[in-house]
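Let's take a friendly walk through the ring contacts and pockets of this protein. Have the viewer ready and follow along.

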Amino acid sequence: MKHLLTATLVLASIIGFAQERLPQERQPQVPKGAWKSQEPTGSASTLIVADNYMAIASYSIGNKYFERAEGGPFTMNGDQMTYTPEFNSADSLKIGIPIVFTVTVKDDILTLKYEEAMVWMRVDKATSAPMAGAWHITEKADDQGTLVKIHQEGTRKTLKLLSATRFQWFAIDPAVKGFYATGGGTYTVKDGKYTENIQFFSKNNNRVGSSLKFDHKLENGRWDHSGKSSDGKPVHEIWEKIQ
């Protein structure tokens with residue numbers, strides 16, 4: 001009886017340990033950060049994965065040429081990523097149709113396999129970057145310079161994804177499959193200044209290569225952002241991370 005009791009306790013301990021470990025082992029591997037690849041067209045592509053949203057852009061810095069962009073939310077189940085595009089500048093018919101990728105990450109190489117495999121090389125990791133995440137505007141200065149709440153109507157929205165070193169913003173309306181604009185590149189934060197270095201801009205390729213510097217304050221997930229836009233107009237915005 002003593003041996004049986006001991007064996008039962010050992011078995012219970014093993015089962016308990018397995019139950020504790022199982023949820024952890026099943027946690028999805030989310031490849032957050034920035035990635036890059038080379039397109040057959042000769043342009044470069046960048047991928048930003050921030051929180052549960054991803055965005056891709058293809059462009060040529062040297063030729064100041066924007067090719068295409070797409071993005072949307074995703075969920076993970078083991079190594080399966082279900083991605084649902086909310087915008088696609090090249091093919092609006094793909095918006096809202098889920099795609100299931102098999103995800104593998106090895107030696108800073110990310111592979112997303114669907115009908116074909118897309119291979120990406122890591123640019124940065126976002127685990128310890130304060131600005132990394134998916135952001136949306138919640139307040140904006142009016143003509144008098146006073147910050148006012150943005151009361152968004154319908155499904156049109158402007159989001160900005162940041163990794164540790166890269167950014168991409170986009171103005172879209174998923175309900176009507178609308179794509180209005182996107183831009184992106186690299187950014188730095190230093191001494192209270194946030195600087196964007198523009199590498200692509202769908203509306204005006206002449207902005208490629210320019211830099212924009214803003215006053216910057218980040219407190220409790222609230223990003224106070226002020227300066228001048230790419231067309232020289234005053235900008236004062238509050239961005240908050242999407243929960």
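## Charges over rings

Arginine 156 lies over the face of tyrosine 180, and the distance to the ring centre is 3.9 Å. Keep in mind that this is a predicted model.

A second contact of this kind involves lysine 160: its charged end sits over the ring of tryptophan 239, 5.2 Å from the centre. Tryptophan 239 also belongs to a cluster, in which ring pairs link it with Trp135, Tyr187, Tyr194, Phe214 and Trp223.

## Aromatic pairs

Across the whole structure, a search turns up 13 aromatic pairs. One to look at joins tyrosine 59 and phenylalanine 200: the ring centres are 4.6 Å apart and the planes meet at 25°, which is under 30 degrees, so the pair counts as stacked. Since tyrosine 59 is in strand S3 and phenylalanine 200 in strand S15, the pair ties together parts that are 141 residues apart in sequence. Tyrosine 59 has a relative accessible area of 2%, so it is buried. Phenylalanine 200 is buried as well, at 1%.

Tyrosine 187 and tyrosine 194 make another pair, this one tilted, with 5.6 Å from centre to centre and 35° between the planes. Both of these tyrosines are buried.

## The largest pocket

How much space lies in the largest pocket? The value is about 1,100 Å³. Its lining is made of 37 residues, and those closest to the centre are Ile137, Lys140, Ser229, Val235 and Glu237. Strands S10 (133-141), S12 (157-162), S13 (166-173), S14 (178-190), S15 (193-201), S16 (211-219) and S18 (234-241) are the elements that each give two or more residues to this lining.

Which element gives the most to the lining of this pocket? That is S18, with 5 residues. Sorted by class, the lining of the largest pocket holds 16 nonpolar, 10 polar and 11 charged residues.

## The second largest pocket

The second largest pocket holds about 520 Å³ of space. Here 19 residues form the lining, with Glu70, Lys94, Ile99, Phe101 and Tyr114 closest to the centre. Two or more lining residues come from each of strands S3 (53-60), S4 (65-77), S7 (99-106) and S9 (117-125).

Notes
Residues are numbered from 1 along each chain as its sequence is written. This is a predicted model: local features need pLDDT of at least 70, side-chain atom pairs count only at pLDDT 80 or more; totals for chains, interfaces and linings use all residues. Side-chain values use heavy atoms; hydrogens and water are left out. On a 1 Å grid over the protein atoms alone, a cavity is a set of points where a 1.4 Å probe fits but cannot get out, and a pocket is an open set with protein on both sides within 12 Å along at least five of seven lines; lining residues have an atom within 4 Å of a point. Grid points are joined across faces, edges and corners, and a volume is the space filled by probe spheres set on the points. Helices (H or I, at least four residues) and strands (E, at least two) are DSSP runs, numbered from the N terminus. Ala, Val, Leu, Ile, Met, Phe, Trp, Tyr, Cys and Pro count as nonpolar, Asp, Glu, Lys and Arg as charged, and the others, Gly among them, as polar. Rings of Phe, Tyr and Trp (its six-membered ring) pair if their centres lie within 6.5 Å; planes under 30 degrees apart count as stacked, over 60 as edge-to-face and the rest as tilted. Buried means under 20% relative accessible area, exposed over 50%, partly exposed in between (1.4 Å probe, protein chains only). A charge sits over a ring if NZ of Lys or CZ of Arg is within 6 Å of the ring centre and within 35 degrees of the ring normal.
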